[in-house]
Amino acid sequence: MSTTTVSSTTGTGGGLALRGQKLPNAAFPVIAVGAVVLTVLLYLVTSIDSTIQFVLISGVLYLIGQTVASVLVEGSRRAADRFVTTLVYLAFLLAVIPLVAVLANVIAKGVGRLDVGFLSHSMRGIGARDAGGGIYHALIGTLEQIALASLFAVPFSLLVAIYLVEYGRGRISRTISFFVDVLTGLPSVIAGLFILAFYILALGQKPSGFAGSLALTILMIPIVVRAAEEMLKLVPHELREASYALGVPRWRTILKVVLPTALPGIVTGVMLAVARVAGETAPLLLTIFGTDSINFNPFSGPQSALPLYIYSQAGQPQQTAVDRAWAAALTLIALVMLLNVVARLIARMARVR
Amino acid sequence: MTSDPDGPRTHLSGDGGSVATTEPTSSSDAARVSPVDVFFKNLTRTAGLGLLALIAAIAVFLVVKATSALNANTGHFLTTTEWFPNASPPFFGVAALLFGTLLTAVIAMVIAVPVAVGIALFITVYAPRRLAMPLAFIVDLLAAVPSVIFGLWGLLVLVPRMDGLQMWLTDYFGWIPLFATDNGAVGRSIFVASVVLAIMILPIVAALSREVFLQVPIAHKEAALALGATRWEMIRAAVLPYGKPGVISASMLGLGRAMGETIAVALVLPASFGISWKILAPAGNTIAANVANGFAEANNTGRGALIASGLVLFIVTMIVNMAARAVIARRREFSGAAS
Amino acid sequence: MATRIDVSGLTAFYGKFKAVSDIHFSIEPKNVTAFIGPSGCGKSTVLRTLNRMHEVLPGARVEGRVLMDGEDLYGPGVDPVNVRRAVGMVFQRPNPFPTMSIYENVVAGLKLNGTRKKSLLDERAEESLRGANLWEEVKDRLGRPGAGLSGGQQQRLCIARAIAVEPQVLLMDEPCSALDPISTLAIEDLIVKLKSSYTIVIVTHNMQQASRVSDTTAFFTLDKTGDPGRLVEMDKTEKIFSNPAQKRTEEYITGRFG
């Protein structure tokens with residue numbers, strides 16, 4: 001394919017070259033089978049011994065085979081297009097496989113141990129080697145901590161979002177907006193370290209569920225502020241003007257007209273934030289201390305939490321502990337996914353309306 | 001002149017319609033402002049300022065609580081690789097941890113970004129429309145899987161399965177220093193931790209890239225197609241140049257997230273100290289993972305030392321995140337001026 | 001390098017919506033044909049079927065035949081990429097690639113087609129920019145971004161980009177609707193000049209423009225909203241604007257409807 005031939009075919013106008021040479025559809029399965037066969041041969045003669053490699057190598061061989069065939073028959077442009085198309089599909093598969101594998105493993109390994117007894121018992125008096133025990137205490141802890149965190153974070157974040165959208169002008173509002181971004185990128189372990197430094201070390205308080213919920217609050221704030229901000233911005237300006245025109249004062253307009261209009265979107269944002277912090281481990285590790293017993297009072301004494309429970313059980317060498325970790329992981333995923341799906345359903349329903 | 005779209009053609013305008021939020025200026029209707037209005041405005045403003053105070057408090061308390069430990073430290077905090085803050089005298093430094101943090105995060109990004117761009121292209125350009133929405137939904141859901149679960153899976157499922165691949169890499173590519181090992185020993189390595197991190201940041205990078213690819217004006221794509229571009233050539237001429245700042249920004253946000261990730265890394269890495277480029281060897285640690293691993297046995301100085309390392313992480317992630325925002329902001333100015 | 005176009009039984013859909021129904025017409029080589037008609041009559045849709053750009057939109061499809069020098073664009077084995085290389089297109093809004101310079105924009109199509117030689121690219125870039133009456137205005141700033149030009153210059157840049165690959169046919173979808181009168185005049189002059197080498201089809205909302213630049217005019221209409229558009233009549237431009245055969249055409253060009 002020299003440049004001169006290209007320009008002459010398009011330039012002389014001697015008939016239109018609408019049809020390109022095309023690989024027959026049957027060629028692709030043939031190449032795929034060839035790639036797999038070749039991989040099997042490699043498998044036999046070399047030291048390849050894992051499924052991950054098998055998939056990777058046959059994928060690469062298929063890519064090479066297809067590209068060579070395409071260059072020969074269809075030319076380099078079409079070959080490049082096919083090459084990238086295959087690459088994009090492979091990228092998608094490559095990404096979906098581990099992500100699905102995580103979910104599948106958690107379900108498969110967790111479902112055996114997950115029963116009513118597991119949900120309704122604590123770990124009090126249960127050693128790592130013992131078969132019993134459950135997550136009741138951790139479930140209580142997680143629910144109380146995320147409830148408290150929402151209680152602190154949601155009103156505060158709403159006020160910040162209202163300020164940014166309805167009142168904020170100039171430097172202060174730009175600065176606040178910038179630092180909301182900074183908080184968004186704050187590693188969760190830093191939130192835990194801050195509560196450790198401030199609440200536990202500086203104020204001399206004991207670790208408690210409350211301390212954990214403070215750390216989670218810091219992580220929830222930026223998510224809720226951003227979500228609420230987006231939603232408040234979407235409220236049409238005419239709605240506000242209509243309310244002003246009726247002589248309704250600004251604060252009532254915001255509380256009675258703007259907020260209710262934006263409410264479904266804000267609820268979605270809050271639920272996504274809750275789902276996000278419900279799975280946080282690092283900040284809790286530093287603030288709630290963890291316990292094997294049931295502690296209903298988040299303000300006094302150490303509490304447990306689901307993610308922390310998984311972390312501590314997963315670190316044990318005994319299979320009984322590992323089984324508990326998987327079952328707790330399944331519970332946590334179910335909780336988080338439930339929150340996510342409900343949140344997105346609310347968002348979708350609100351959009352339809 | 002009016003435009004005349006024949007039939008339901010969709011025109012995407014390049015200038016994203018931002019919602020105007022102007023309101024009557026307070027000076028013109030100052031007479032009507034009630035005390036409640038003033039109170040409410042001040043309440044929201046106080047919340048906003050409270051957020052600034054929170055950030056300031058985070059910085060101040062991390063510094064204050066780190067200082068006493070740093071004063072007691074007999075090593076140089078930034079260059080020492082050992083971590084003995086609980087000994088007397090305490091001797092510790094963040095060098096090995098910072099190295100591990102940066103190395104795992106960068107490798108994770110190198111693995112995740114091309115795949116994430118592939119996913120974003122698949123959803124926005126290649127997948128049939130009926131499939132695109134559910135796929136995007138699934139990717140979003142996977143972003144919500146808690147990190148402790150990725151850690152659990154990484155430790156118990158992925159680590160044993162990666163042994164074969166790691167041994168193969170060191171057998172055949174061991175001459176590359178990065179893939180060298182000591183006597184072929186592989187295991188809970190920087191590489192495996194990076195793969196776990198890559199899987200974790202994949203959904204977020206893919207989701208952000210997808211957003212920018214969706215914003216590419218149809219006019220640009222049609223311009224390329226009308227010139228006789230194949231799909232890939234259209235992507236190269238219209239989609240990638242337009243989406244590049246967004247992808248860079250998304251990658252850096254992913255990098256920031258990978259650096260701050262704690263529990264998954266703490267579960268996968270064996271928590272050793274030392275600077276080594278042998279990414280397949282069972283060694284390595286990160287700042288965040290070290291906080292999780294070292295907290296339980298830390299005494300007062302030990303906690304201060306962990307807080308000091310957290311301060312370093314705070315600064316590094318903040319720099320990365322700000323750089324990411326700067327890239328996107330510059331791009332916004334650029335496209336705003338062009339349209 | 002001009003081509004004759006024969007369209008028969010052409011019907012175009014957007015999903016379930018039938019945009020135009022059963023269109024038949026022929027276009028002579030080296031001839032400017034104008035498509036006129038009220039909004040929603042499907043004239044742009046028909047234009048976009050002539051280089052298979054219609055099907056780029058999700059859910060869009062085409063039935064019928066479009067022959068270029070006797071070869072069906074929708075025949076089996078025909079590659080839309082090759083079709084679009086042979087049939088250039090200029091859009092309603094100027095759409096130079098925002099990240100490319102003026103020069104890169106002009107040679108974008110050539111580079112796609114594998115032309116790499118710098119001297120050949122330079123030669124073709126100048127030729128095309130001269131062809132688009134833009135060379136004198138931009139020859140000193142070829143490296144500057146294409147998006148920095150005025151609207152009219154951008155549109156001429158897009159025309160230069162389209163003719164740089166030496167297509168057989170040039171399609172223009174309301175190329176002046178986003179431009180001021182002076183730029184419009186420049187484009188119209190250009191169309192008359194390009195007629196000597198290309199078969200040109202132009203969709204326009206502006207009847208004066210159609211009468212100024214075209215040899216043949218096709219009038220499309222639709223009976224009511226939701227109905228598919230149809231071709232009412234197609235004839236020499238003087239005839240359409242002086243003595244049309246159909247009453248609907250006369251009503252439209254005299255401004256009584258549409």
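I will start with a residue pair: C:Met68 stands opposite C:Glu71, a residue of β5(C). Before going on, please note that this is a predicted model.

That pair belongs to the chain C sheet. Strand β4, residues 60–68 of chain C, pairs with β5(C) in the antiparallel sense, over two bridges. The sheet is open and has four strands, in the order β2-β1-β4-β5, with antiparallel pairing. Which strands stand at the edges? They are β2 (17–27) and β5 (71–72) of chain C; each has a single partner strand, so one side of each is left without a neighbour in the sheet.

Now the other pairings. β1, residues 5–14 of chain C, runs antiparallel to β4(C), and eight bridges join them. Here C:Asp6 stands opposite C:Leu67 of β4(C). β1(C) also pairs with β2(C), again in the antiparallel sense, over seven bridges. In that pairing C:Phe13 stands opposite C:Lys18 of β2(C). β1(C) and β2(C) make a hairpin, with two residues between them. In its turn, C:Gly15 has a positive phi of about 60 degrees.

Between chains B and C, the contact takes 24 residues from chain B and 35 residues from chain C. On the chain B side, α6 (218–226) and α7 (231–260) each supply at least two residues. α6(B) gives the most to that side, with six residues. By class, the side of chain B that touches chain C has 13 nonpolar, five polar and six charged residues.

Between chains A and B, the contact takes 81 residues from chain A and 75 residues from chain B. Which helix gives the most to the side of chain A that touches chain B? It is α4 of chain A, residues 76–110, with 18 residues. That side of chain A divides into 60 nonpolar, 12 polar and nine charged residues.

Staying with chain A, the domain assignment gives domain 1 (27–110) and domain 2 (120–350). Their C-alpha centres lie 41 Å apart. Four residues of domain 1 of chain A are in contact with five residues of domain 2 of chain A.

Helix α11 of chain A, residues 250–278, spans only 36 Å between its end C-alpha atoms, whereas a straight helix of 29 residues would span 42 Å at 1.5 Å a residue. Where does the kink lie in α11(A)? It is at A:Leu263, shortly before the proline A:Pro264, and amounts to about 60 degrees.

Last, confidence in chain B. Its mean pLDDT is 84, and 88% of its residues reach 70 or more. In chain B, confidence is highest in helix α2 (residues 95–126), at 94, and lowest in helix α10 (residues 300–338), at a mean of 81. Two stretches need a remark. Over residues 1–31 of chain B, pLDDT stays under 50, and the model has 39 contacts beyond four places in sequence for them. Over residues 334–339 of chain B, pLDDT also stays under 50, with five contacts beyond four places in sequence.

Notes:
Residues are numbered from 1 along each chain as its sequence is written. Chains are lettered from A and ligands numbered from 1 in the order in which they are written. This is a predicted model: local features need pLDDT of at least 70, side-chain atom pairs count only at pLDDT 80 or more; totals for chains, interfaces and linings use all residues. Two residues are in contact if their C-beta atoms, placed from the backbone, lie within 7 Å. Ala, Val, Leu, Ile, Met, Phe, Trp, Tyr, Cys and Pro count as nonpolar, Asp, Glu, Lys and Arg as charged, and the others, Gly among them, as polar. Two strands pair if DSSP finds at least two bridges between them. Domain bounds come from an automatic or database domain assignment. pLDDT is the predictor's confidence in each residue, from 0 to 100. The expected span of a helix is 1.5 Å times one less than its number of residues. The bend at a residue is the angle between axes fitted to the seven residues ending there and the seven starting there.
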